[in-house]
Amino acid sequence: FRRVLFRSGLPLDLKWGPLAARLQWAHLSAHYGDALRQLKLRPDNIDSWSREYWQLQVQGTWRFLRPYGGLRLIAHEVRDDDPPLAVQLGVDMVSPWKIGPCGGANLWLAAEDAWEPAVDVVGGACFTGKAHRLRVSVAFRDGPEDTGKLQGNHERYVGLDFAFDTAGKM
């Protein structure tokens with residue numbers, strides 16, 4: 001694995017008609033080849049990196065599309081010197097069938113990255129059961145490193161994306 005991310009949070013979800021909102025307090029810790037760093041093969045890797053943040057996301061539903069937008073405010077970070085605000089816009093495509101195509105596109109703009117845009121695009125297949133969904137897709141990313149741990153680094157990659165969630169909430 002290139003990296004492992006651990007993300008946990010306490011969400012509050014509200015829904016009214018075709019609109020939904022989520023307010024969450026979340027924790028993120030990122031690990032980039034920590035074993036290599038411990039062997040002094042990657043001394044640039046910061047140990048024990050984490051951040052906590054508030055995030056508000058609003059989402060609509062229109063047929064098979066789910067457009068969304070949100071704000072993130074960093075409450076605490078190991079470095080404690082990053083500007084706290086970020087803006088997110090995107091759209092998810094969900095399949096109306098139990099097995100079918102799904103995907104999405106996401107744009108992040110963050111003060112900590114001097115508002116340089118980051119674009120994520122995923123496309124693949126979703127397998128939906130009664131209570132859970134599995135998404136297997138190809139992911140593309142171009143933009144600033146997305147966790148904040150290696151701030152100032154630009155990344156561009158294509159990879160496999162596996163997501164598992166409760167049905168309808170990816």
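This is a predicted model: local features need pLDDT of at least 70, side-chain atom pairs count only at pLDDT 80 or more; totals for chains, interfaces and linings use all residues.

Colleague: Good. Where is Arg63 placed?

Modeller: Arg63 is found in the loop between β3 and β4, the latter covering 65–77. Its phi is near 55°, which is a positive value in a residue other than glycine.

Colleague: And is Arg63 buried or exposed?

Modeller: Arg63 counts as exposed, because its relative accessibility is 72%, and the cut-off for exposed is over 50%.

Colleague: Which other residue has a positive phi although it is not a glycine?

Modeller: Trp115 has one, at about 60°, and this residue is placed in the loop between β6 (99–110) and β7 (118–128). With a relative accessibility of 41%, Trp115 counts as partly exposed. As background, most residues other than glycine have a negative phi.

Colleague: Changing topic, how many aromatic pairs turn up in the whole structure?

Modeller: The search of the whole structure finds one aromatic pair. The ring centres of Trp25 and Trp54 are 5.1 Å apart and their planes stand at 65°, so the pair is edge-to-face; planes over 60 degrees apart are counted that way.

Colleague: What does that pair tie together?

Modeller: Trp25 belongs to strand β2 (residues 19–31) and Trp54 to strand β3 (residues 49–60), so the pair ties together parts that are 29 residues apart in sequence. Trp25 is partly exposed, with a relative accessible area of 31%, and Trp54 is partly exposed too, at 43%.

Colleague: What sits over the ring of Tyr53?

Modeller: The charged end of Arg72 sits there, 5.9 Å from the centre of the Tyr53 ring. Arg72 also comes up among the salt bridges, where bridges that share partners join Arg51, Arg72 and Glu112 into one network.

Colleague: How many salt bridges are there by the count?

Modeller: The count comes to seven. One of them is between Arg141 and Asp120, whose closest N and O atoms are 2.9 Å apart. This pair links distant parts of the chain, since Arg141 is in strand β8 (residues 132–144) and Asp120 in strand β7, 21 residues apart.

Colleague: Are those two buried or exposed?

Modeller: Arg141 is buried, with a relative accessible area of 3%, and Asp120 is buried as well, at 19%.

Colleague: What does Asp161 form a salt bridge with?

Modeller: Asp161 pairs with Arg135, their closest N and O atoms being 2.5 Å apart. Asp161 lies in strand β9 (residues 154–166) and Arg135 in strand β8, 26 residues apart. Asp161 is buried, with a relative accessible area of 19%, and Arg135 counts as buried at 13%.

Colleague: Back to strands, how does β6 connect to β5 and β7?

Modeller: Strand β5 (residues 85–93) runs antiparallel to β6 and is joined to it by eight bridges, with a hairpin of five residues between the two. Within that pairing, Gln88 has Trp108 of β6 as its bridge partner. On to β7, β6 again runs antiparallel, joined by 10 bridges, and here Ile99 stands opposite Phe127 of β7.

Terms used: Residues are numbered from 1 along each chain as its sequence is written. Side-chain values use heavy atoms; hydrogens and water are left out. Rings of Phe, Tyr and Trp (its six-membered ring) pair if their centres lie within 6.5 Å; planes under 30 degrees apart count as stacked, over 60 as edge-to-face and the rest as tilted. Helices (H or I, at least four residues) and strands (E, at least two) are DSSP runs, numbered from the N terminus. Buried means under 20% relative accessible area, exposed over 50%, partly exposed in between (1.4 Å probe, protein chains only). A charge sits over a ring if NZ of Lys or CZ of Arg is within 6 Å of the ring centre and within 35 degrees of the ring normal. Two strands pair if DSSP finds at least two bridges between them. A salt bridge is a side-chain nitrogen of Lys or Arg within 4 Å of a carboxyl oxygen of Asp or Glu.
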